[in-house]
Amino acid sequence: MDTDILGTLAVREKGLSITPTAPKPRQVLALLVVQADQMVPVGMLSEELWGGRPPRSARPTLQTYILQLRELITAALEADAADARTAKDVLLTVPGGYLLKSGGGGSDVREFERLAGLGYRAMDAADFPEAARQLRAALALWSGPPLADVHAGMHLATQVKRLEESRLCALDQRIEADLRLGRHRELLAELTVLVSRYPTHESLCGQYMLALYRSGRRGEALDAYQRLRATLVRSLGLEPSAALSKLQRSILMARPDRSPATTATATATASGSAGPGSTGSGPAGTGRLAPVG
């Protein structure tokens with residue numbers, strides 16, 4: 001079974017789609033996919049579909065959705081006469097719930113995690129070209145928000161948030177690698193969009209400041225810091241981190257004829273987020289900042 005959830009939901013058995021068109025069965029399949037090869041309790045499926053107020057007919061209705069999914073699986077299995085499995089061998093009824101067997105098929109999430117892991121290890125080894133390559137390949141697997149065409153109840157919403165966080169971490173580190181490779185001008189358009197989308201993300205703001213400074217736009221780099229500071233104070237009652245404040249000061253003190261590399265390197269290494277593989281923790285994350293020079 002092949003599964004894609006980094007965008008729209010697509011589930012295939014023997015190359016044939018088993019993704020239902022009806023919203024509720026899609027929601028059930030999506031939760032089974034994100035928990036593939038694990039038992040999903042009936043209670044969890046019920047909470048996903050109806051929240052804390054399931055209808056009196058919740059159990060038989062859920063069983064109907066499972067039956068519809070098995071009908072789609074059966075149609076896919078029947079296309080291969082050599083496959084002796086039945087739909088109940090793929091979507092199992094187990095004590096307390098259901099279990100979807102992936103059979104070791106392809107998964108865009110697993111491939112994303114594999115490539116991102118290679119990128120993080122390359123960052124730890126200071127192999128920035130390899131890190132940028134692997135992280136770019138990982139991010140290319142995304143075609144949109146996870147499960148973009150599935151209504152997310154309480155459990156899927158948690159999974160979507162986790163996946164989005166993983167993507168943001170990989171994106172943060174890919175930008176870090178590109179900055180290390182001197183690609184600051186190429187990054188400006190992308191970072192302009194990102195700091196608007198994540199207005200309290202300190203790591204992205206720091207990367208934007210570096211890209212602006214290295215592109216000869218020192219005043220705009222300092223303006224970016226002031227915008228972030230105003231947003232943090234207004235929305236969270238917080239000042240920027242010590243690392244970002246030091247970066248701002250290093251840019252402020254730099255003379256036009258002298259790159260503040262030494263000052264900014266100290267800023268980055270004194271930030272408290274030491275390793276190249278460290279990342280921000282959500283919208284207000286403070287990932288490692290590259291040297292200014």
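This is a predicted model: local features need pLDDT of at least 70, side-chain atom pairs count only at pLDDT 80 or more; totals for chains, interfaces and linings use all residues.

Reply: Residues are numbered from 1 along each chain as its sequence is written, and side-chain values use heavy atoms, with hydrogens and water left out.

Me: What makes Phe 112 and Trp 142 an edge-to-face pair?

Reply: Rings of Phe, Tyr and Trp (its six-membered ring) pair if their centres lie within 6.5 Å; planes under 30 degrees apart are stacked, over 60 edge-to-face, and the rest tilted. The centres of Phe 112 and Trp 142 are 5.6 Å apart and the planes stand at 80°, so the pair is edge-to-face. A search of the whole structure finds one aromatic pair.

Me: Why is this pair said to tie together separate parts of the chain?

Reply: Helices (H or I, at least four residues) and strands (E, at least two) are DSSP runs, numbered from the N terminus. Phe 112 lies in helix 5 (residues 108-124), and Trp 142 in the loop between helix 6 (128-139) and helix 7 (154-180), so the pair ties together parts that are 30 residues apart in sequence.

Me: Why is Phe 112 called buried, and Arg 110 partly exposed?

Reply: Buried means under 20% relative accessible area, exposed means over 50%, and partly exposed is in between (1.4 Å probe, protein chains only). Phe 112 has 4% relative accessibility, so Phe 112 counts as buried. Arg 110 has 42%, so Arg 110 counts as partly exposed. Trp 142 is buried too.

Me: What does Phe 112 touch?

Reply: Contact means heavy atoms within 4.5 Å. Not counting residues up to four places away in sequence, Phe 112 touches Leu 6, Ala 138, Leu 139, Leu 141, Trp 142, Ser 166, Arg 167 and Ala 170. The C-alpha atoms of Phe 112 and Ala 138 are separated by 4.8 Å, at 26 residues apart along the chain. Arg 110, also in helix 5, is in contact with Gly 104 and Gly 105, leaving aside neighbours within four places in sequence.

Me: How do you know that the charge of Arg 167 sits over the ring of Trp 142?

Reply: The rule asks for NZ of Lys or CZ of Arg within 6 Å of the ring centre and within 35 degrees of the ring normal. The charged end of Arg 167 is 5.9 Å from the centre of the Trp 142 ring and sits over that ring.

Me: What makes strand 5 and strand 6 a pair?

Reply: Two strands pair if DSSP finds at least two bridges between them. Strand 5 and strand 6 (residues 97-100) have four bridges, in the antiparallel sense.

Me: Why are strand 4 and strand 5 called edges?

Reply: The open sheet has three strands in the order 4-6-5, with antiparallel pairing. Strand 4 (39-41) and strand 5 (91-94) each have a single partner strand, so one side of each is left without a neighbour in the sheet. Strand 4 pairs with strand 6 over three bridges, and Val 40 stands opposite Tyr 98.

Me: How do you know that the length of helix 9 is close to the expected span?

Reply: The expected span is 1.5 Å times one less than the number of residues. Helix 9 (residues 202-214) has 13 residues and reaches 18 Å from its first C-alpha to its last, close to the 18 Å expected. Of its 13 residues, 13 are buried. Gly 216 follows helix 9, with a positive phi near 80°.
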